[in-house]
Amino acid sequence: MSNDFAQFQDAFFEEAGEHLAVVEEGLLALEQHPEDLDLLNKIFRSAHSIKGTSGMFGFNAVAQFTHKMETLLDLLRNGQKVVSPSIADLLLKSTDCLKTLIESVKTGAAVDETTVQQLTSELATASQSDEKPSSPNPKATQTVSTAGSSQGQIYLITWTPPEWLFRRGLDPLQITKELRGIGNLTDVTLDVSRLPHLTEIDPETCYLSWHMRLATEKDRKVIEAVFEFVREDSKLVIEECEALSVKRKASESENEIRVTNDEQHVEDGEPKPLGEILVESGVVSRETLDQALAQQKRVGQILVEQHAASPQQVEQALQKQRQQESAAQSKKTDTASIRVDTDKIDKLINLVPAWSGCSAINPANYSVGPSLISSLMSLVIKWSGIWGMV
Amino acid sequence: MSKTALIVDDSPTMRQMVAFTLKNAGFSVMEAENGKDAVEKVSTGPKMDIVVTDLNMPKMDGIELIKELRKLSAFKFTPILMLTTESALEKKQAGKAAGATGWIVKPFNPEVLLKTIAKIMPA
């Protein structure tokens with residue numbers, strides 16, 4: 001990151017110089033007015049700003065030293081410590097030291113490390129710091145060590161977001177989008193059991209819950225991170241369901257790992273015929289399968305041979321089957337439309353002014369024109385988008 | 001049309017760095033130096049797609065700014081990201097209670113910032 005931001009270093013040095021002046025002048029004034037809270041806040045903000053910005057350039061020595069100053073200043077402004085002459089003196093000496101640290105990263109000038117160490121220690125003592133020394137986070141280490149050995153897992157996720165989800169600008173679709181980015185998300189079902197009657201719905205409140213199935217090789221922590229901004233306030237259950245077997249095909253590159261469940265996965269929704277599976281797995285050749293299929297008798301033929309049905313009866317049954325197939329096909333192509341009870345449309349129309357905040361509009365003036373139908377359809381599509389999410 | 005971002009920070013350097021990161025990602029940005037400045041600018045300016053704000057600022061801090069923005073119809077559901085050195089829980093909680101969408105800790109990595117923004121921007 002430092003490379004991209006290097007062009008802003010001069011701006012930082014200039015800004016840091018201004019902040020140092022504010023801190024220095026503020027500390028001197030503070031000796032006269034030790035309880036001036038505005039002054040303490042001003043000094044704190046300047047130190048805070050130096051800390052935050054120096055970290056952006058990787059000036060860690062500056063950031064760490066300023067952090068120690070900031071900790072003490074925070075205690076002072078919160079009234080947990082009093083500005084004594086010795087503390088004011090320590091902060092002034094620390095400001096001088098900070099100047100040399102900033103000068104050092106700017107020009108490469110040497111820094112008196114002994115002074116830095118000593119003041120760091122004095123600042124910590126003055127803060128009566130009970131901060132634990134920064135040791136490596138054991139949890140983080142654990143995550144790293146388990147991540148590599150992950151064999152993949154199916155998780156059942158149940159998520160009930162907080163009711164204020166929409167009011168903080170969070171979109172549940174983003175969550176599912178992100179989950180799809182880390183694995184194969186299926187069986188997304190929406191639980192609308194908490195949804196009140198349409199007339200009682202507060203459109204800004206989230207009443208919904210989701211159940212999802214996620215097949216992923218990522219660590220559980222990665223899944224939890226998807227819910228980062230809502231996790232603490234959500235009811236979130238992530239259950240490990242079953243392990244995935246990870247198969248590598250010799251012909252595939254190392255990066256292409258095919259993840260399959262122990263059960264046969266059917267991607268297009270239609271199971272393959274037995275013969276196709278046998279050919280694919282190399283048990284029989286295509287020719288052998290074709291020959292076998294050629295010998296195969298159809299059920300109508302068998303029934304006629306057994307005198308269980310006459311050829312006419314079989315032909316009539318076949319005609320009926322063709323009619324059913326044709327009807328099923330036209331029904332399939334018709335699924336883009338939905339049927340809505342006219343009573344429900346009336347209720348929706350009555351709700352539109354309330355939802356859009358146009359309470360002055362008289363519903364009696366509505367005519368069911370194309371724009372209204374279009375608006376209603378947008379509403380329905382929006383809701384079905386949230387409900388579907390598959 | 002490019003997405004719009006409001007960047008609020010009292011540090012000009014920090015604002016420049018956030019603006020640089022977002023402009024490179026195709027955003028058009030508006031900058032404000034504190035909460036008060038931000039509220040004044042958005043009251044006459046265009047609607048923003050995202051707000052990135054510092055918390056510790058003079059005149060009006062980030063928490064107050066978030067509360068003020070949530071009162072405006074144009075910002076009621078706008079994602080608001082807190083960008084702050086405060087990683088302390090109480091600051092996060094106060095920000096969340098005020099209506100913040102998410103947070104990121106300074107010093108920030110530009111990639112993490114953009115990733116986090118993508119996470120909270122509407123689909």
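The paragraphs below walk through a predicted model with chains A and B, starting with how to read it. Residues are numbered from 1 along each chain as its sequence is written, while chains are lettered from A and ligands numbered from 1 in the order in which they are written. Because this is a predicted model, local features need pLDDT of at least 70 and side-chain atom pairs count only at pLDDT 80 or more, whereas totals for chains, interfaces and linings use all residues.

Let's begin with chain B. It holds 5 helices and 5 strands, where helices (H or I, at least four residues) and strands (E, at least two) are DSSP runs numbered from the N terminus. Read from the N terminus on, the elements of chain B follow the pattern β-α-β-α-β-α-β-α-β-α.

As a general point, strands of a sheet pair through backbone hydrogen bonds, either parallel or antiparallel.

For a closer look, take strand β4 (residues 80-84) of chain B, which is joined to β5(B) by 4 bridges, the two running parallel.

Chain B has 123 residues, of which 50% count as buried. Here a residue is buried if 20 or more other C-beta atoms lie within 10 Å of its own, exposed if 12 or fewer, and partly exposed in between, with C-beta atoms placed from the backbone. Among contacts in chain B between residues at least 6 apart in sequence, 60% join residues at least 24 apart; a contact means that the C-beta atoms, placed from the backbone, lie within 7 Å.

Next comes the place where the chains meet. The contact takes 26 residues from chain A and 26 residues from chain B. On the chain A side, the elements giving two or more residues are α1 (2-5), α2 (9-32), α3 (37-56) and α8 (172-182). Of these, α3(A) gives the most, with 8 residues.

A126(A) belongs to helix α6 (residues 113-126) of chain A and is buried because 20 other C-beta atoms lie within 10 Å. Leaving out residues up to four places away in sequence, A126(A) touches L72(A), I87(A) and L90(A). E24(A), found in helix α2 of chain A, is partly exposed because it has 18 other C-beta atoms within 10 Å.

Finally, a word on confidence. The mean pLDDT of chain A is 75, and 70% of its residues reach 70 or more; pLDDT is the predictor's confidence in each residue, from 0 to 100. Over residues 130-150 of chain A, pLDDT stays under 50, and over residues 353-372 of chain A the pLDDT is below 50. Where pLDDT is low, the predicted coordinates should not be read in detail.

How values were computed: Two strands pair if DSSP finds at least two bridges between them. Two residues are in contact if their C-beta atoms, placed from the backbone, lie within 7 Å.
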